[in-house]
Amino acid sequence: NYLNKSNSKIGFCLSWHWLLDKKFLNLFKNGLFGWHGSMFRLPNGFGRSPMNWSIRLGAKQIIHTCFKYTSIADNGPIYIEKKFKIKKFDHIDNLLQTSVKLIINDIKYLIKTKNILNLPSKRIHIRNPLRFEKLDHKSGEIFLDGKELKEISNIIRSSSTPFPCAFIRTKHNKKIRIMRVIKKKTKGCLIIKKNKQKLYCLLKQKNKYIPKNFLDIKNGYKILLAK
């Protein structure tokens with residue numbers, strides 16, 4: 001009702017996970033704009049949890065896109081496209097912070113633009129674009145099934161706060177939640193060893209001990225707390 005009376009020229013949609021119908025989109029004279037960040041250029045990489053997936057798949061950069069909403073997910077004309085790097089110890093919250101800064105700059109730019117519809121835009125048409133499915137609280141489970149430590153690191157970094165965090169399950173189904181991957185050993189951090197490689201992690205909650213059944217000699221892993 002408010003939008004029907006306001007004659008809004010432009011709208012900005014942040015962190016919305018559902019489709020918007022045409023009636024709502026048509027309430028904005030110059031359109032409703034949103035953002036999408038992924039390792040792939042849209043329309044590839046459309047869908048849910050795109051930046052989480054990008055870390056998880058070992059990407060080195062994010063393509064951050066400002067596009068005009070349509071009733072089809074992540075499929076509108078692209079107006080602004082920027083890239084930023086994913087560093088070795090970046091977690092999802094680092095990428096979100098960078099993303100917010102870019103969004104603020106884009107909003108300021110679009111508000112100052114007298115005629116947004118005259119801005120250059122592009123649309124890339126692909127028959128079967130790659131789609132990301134939603135990652136949930138179960139997606140952070142780490143299975144010690146032969147993965148390289150780099151893969152485990154990617155799972156942890158993609159699941160960190162503000163998301164539920166990655167976890168390893170003990171033999172008695174207890175979850176040991178891992179908050180971050182860190183550069184060097186600190187007291188009380190979790191150490192995951194495989195062969196000669198080590199991964200240092202901060203736990204979400206302090207654990208007085210790591211059960212002996214955490215040792216998985218068969219697959220070459222060893223897990224312990226740093227003293």
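In which loop does Ser 49 lie? Ser 49 is placed between strand S3 and helix H3 (50–56), in the loop that links them. Helices here are DSSP runs of H or I with at least four residues, strands are runs of E with at least two, and both are numbered from the N terminus.

The model is predicted, so that local features need pLDDT of at least 70 and side-chain atom pairs count only at pLDDT 80 or more, while totals for chains, interfaces and linings use all residues. Residues are numbered from 1 along each chain as its sequence is written, and side-chain values use heavy atoms, with hydrogens and water left out.

**The chain as a whole**

The protein chain contains 5 helices and 11 strands. Its C-alpha trace spans about 65 × 35 × 30 Å along the principal axes. Of its 227 residues, 44% are buried; buried means under 20% relative accessible area, exposed means over 50%, and partly exposed covers the range in between, with a 1.4 Å probe and protein chains only. Contacts (heavy atoms within 4.5 Å) were also counted: among those between residues at least 6 apart in sequence, 62% join residues at least 24 apart.

The accessible surface of the protein chain is about 14200 Å², and carbon and sulfur atoms account for 53% of that surface. This area comes from the Shrake-Rupley method with a 1.4 Å probe. The chain carries 49 positive and 13 negative side chains, and the centres of the two sets are 6 Å apart. Lys and Arg count as positive and Asp and Glu as negative, without His and the chain ends; each charge is placed at NZ of Lys, CZ of Arg, CG of Asp or CD of Glu.

**Residues with positive phi**

Ser 49 has a phi near 50°, a positive value in a residue other than glycine. Ser 49 counts as buried because its relative accessibility is 14%. Asn 195, also not a glycine, has a positive phi of about 55°. This residue is in the loop between strand S9 (190–194) and strand S10 (197–203). Asn 195 counts as exposed because its relative accessibility is 68%.

| Residues joined | Omega | Loop holding the proline |
|---|---|---|
| Leu 42 and Pro 43 | about 10° | between strand S2 (32–38) and strand S3 (46–47) |
| Thr 161 and Pro 162 | about 10° | between helix H5 (149–159) and strand S7 (166–169) |
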